[in-house]
Amino acid sequence: MIRRQRLAAGVCALLAALTAGLAVPAPAAADETEQAAPKVELVLDVSGSMRTRDIDGGTRMAAAKQAFNEVLDATPEEVRLGIRTLGANYRGNDRKTGCKDTAQLYPVGPLDRTEAKTAVATLAPTGWTPIGPALQKAAADLDGGDGTRRIVLISDGEDTCQPLDPCEVAREIAAKGIGLTIDTLGLVPDAKTRDQLSCIADATGGTYTSVQHKEELTDRVGQLVDRAADPVVSPVATEGASECTKAPSVKSGLYTDREEFGQQRWYKVDLEPGQELRASVSVSDDRAVNPDYGVLLRAVTLHGREIVRGEAAGNGRTDVVSTGLRYPKPESDDDSATAETVCLQVTNSFSAAAGVKTTPGLPLELTVDVVDGPSKAGDVASFGLGRGWWLLGALVLAGFVAGLLWGWLSRWRVAVWRTN
C-alpha cells in the first residue's frame, strides 16, 4: 500500500514537472530569439541642402519624411529598427562642431510606430554633412547580437568632414567582420556624391541607388528594411579555379575560399537578360603582411573582354580589403536570347612579411547576388546617364534648331549684301 502511494506521488510529481516545463519557456531560448532579431538603422541626412525643392515639386526633406512614415507602417514586427540623423542640430559655421552633429533620433529596438513618426516629424534641414562620423556611430548602435544588421544611408550630398573619408570608415566596418551591410541612396545626386555613396556601399557588399522621385525612395527603403528580415545566409566553401573555363559555377549566396599571395581565383555566374549581377569580395590578412596592398574584382566575358571592375587598396590600417561591382544585363526583345556566363576574377596584391609562411592562402569571402535588373532610367547602374538622357536629347534638339536659324540668318545677310 505504501509502495503504491509513493509510486503514485512520484508519477504526479513527474507530470507536474513536465507540465511546468511545457507551460513556461526556458529563458535561454527567449534570449536566443532576441539575439537573432534583425536590426536596421536608417541614417538620414538633415543638412541644409535637404531644403532644395526638386523632388516631385517638394523638398527633399518632405520626400524623406513621407518615405519614412510609409516604411514605418510596413516594417515587419521582427525587425528592430532605429533612426539616426546627421546635420540635424547645429546651425553654426564652426566646422569642428558641425562634424560632430550626429544623433540617434530613435533607438534600435522594438518599433513604436507612433513615437518614431513623431520624432521624424520634428526634423528640419539644418547643418553639415558628417557622413563618416554618422556611420561610425550607427555601427556602434547595431553592435551585438547574431541577427542581420543593416545601415540604410539616405543623403543628397557628399561628406563635408574630410579628411575622415566615409569610404575608409565603411572599409574599417567591413574589416571588423561583424556582418554589417551599408546600403546607400542618393537624392538627386551629382557625380561626386554618386561616386562616394557607391564606394560606401561597395565596401560592405551593399547596394547604391539613385533616387529622383518620392515613390522610388519609399519603395527602395522598404525593400531594404524587408531584406534585413530575410534568413541569414550561411557561407558555402568553394574552390576557385586558375582560369575561367575551369571555374565553378556559383549562384546567389555567400562563398568562402582561400587565395595564395598574388594569385588569381575565377568563378562563373549565369545571368539571364534583364537580370543584374551584384558581387563583392573581401580578402583578409590572417598573418603578418607588408603594407600597401589591394584587391581587384573583375567581371569579364568568356572571351576575356572586361565588362566592369571594382578595386580597393589598403595601407596596413585594416586587416581586410573589400570591393564590389554591379553589372546589369540589358533585356532582349529576342525570345530566344540565352543566359550569359560572366566570369568573376579575384586578384590580390598582398605580399608576406619576411619569414612568414605563404600557405595556406588568405581567407576570401565572395558574395554573389543575382536580382531582377532595374527598369527605370533613374537607376544609374542601368542606363549610365540616368535621366540625363532627357537633357542630352534637349541639347541635341537645341543645337539642331540653332544651326537652322544660323544658316537662315547667314543666307539672309548674304542676300541683303548682294542687293546693296
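Predicted model: local features only at pLDDT ≥ 70, side-chain atom pairs only at ≥ 80, totals over all residues.
How do α7 and α8 lie relative to each other, roughly parallel or roughly perpendicular?

**View 1. Helices α7 and α8 pack against each other.** Helix α8 covers residues 191–203, and α7 meets it at an angle of about 10°. The two axes are 8 Å apart. Angles under 35 degrees count as roughly parallel, so α7 and α8 are roughly parallel to each other. On the α7 side, look for P166, C167, A170, R171 and A174. On the α8 side, the contact is made by Q196, C199, I200 and A203. Sorted by class, the residues of this contact of α7 with α8 are 7 nonpolar, 1 polar and 1 charged.

**View 2. Helix α7 also packs with helix α6.** Here α6 (residues 131–141) and α7 (residues 166–175) pack at an angle of about 20°, and their axes are 8 Å apart. This pair is therefore roughly parallel as well. The crossing of α6 and α7 is right-handed. From α6, the residues I131, G132, L135, Q136 and A139 make the contact, and they meet P166, V169 and I173 of α7. Which classes do the residues of the contact of α6 with α7 divide into? There are 6 nonpolar and 2 polar residues, with no charged ones.

**View 3. Helices α3 and α5 pack at an angle of about 175°.** Helix α3 takes in residues 60–74, and its axis is 10 Å apart from that of α5. The angle therefore makes α3 roughly antiparallel to α5.

**View 4. W128 sits in a loop and touches residues from elsewhere in the sequence.** The loop in question runs between α5 (113–121) and α6. How many residues apart in sequence are W128 and L86? They are 42 residues apart, while in space their C-alpha atoms are 7.6 Å apart. Leaving out residues up to four places away in sequence, W128 touches S47, L86, G87, Y90, G92, N93, D94, R95, G98 and T160.

**View 5. The largest pocket has a volume of about 1300 Å³.** Its lining is made of 49 residues. To find the middle of the largest pocket, look for G179, T181, T204, L254 and T367, which lie nearest its centre. Which strand gives the most to the lining of the largest pocket? Strand β12 (residues 275–284) does, with 7 residues. By class, the lining holds 19 nonpolar, 18 polar and 12 charged residues.

View 6. A cis peptide bond joins T359 to P360, with omega about -5°. What is phi of D56 near? Phi is near 55° for D56, a positive value in a residue other than glycine.

Conventions. Residues numbered from 1 in each chain as written. Heavy atoms only, no water. Axes fitted to C-alpha atoms, helices over the stretch in contact; angles between N-to-C directions. Helix = DSSP H or I, 4+ residues; strand = E, 2+ residues; numbered from the N terminus. Parallel < 35°, antiparallel > 145°, perpendicular 65-115°, else oblique. Left-handed = near helix turned anticlockwise from the far one by under 90°. Contact = heavy atoms within 4.5 Å. Nonpolar A, V, L, I, M, F, W, Y, C, P; charged D, E, K, R; others polar. 1 Å grid on protein atoms, 1.4 Å probe; cavity = no way out; pocket = protein on both sides within 12 Å on 5 of 7 lines; lining within 4 Å. Points joined across faces, edges and corners; volume = space filled by probe spheres on them.
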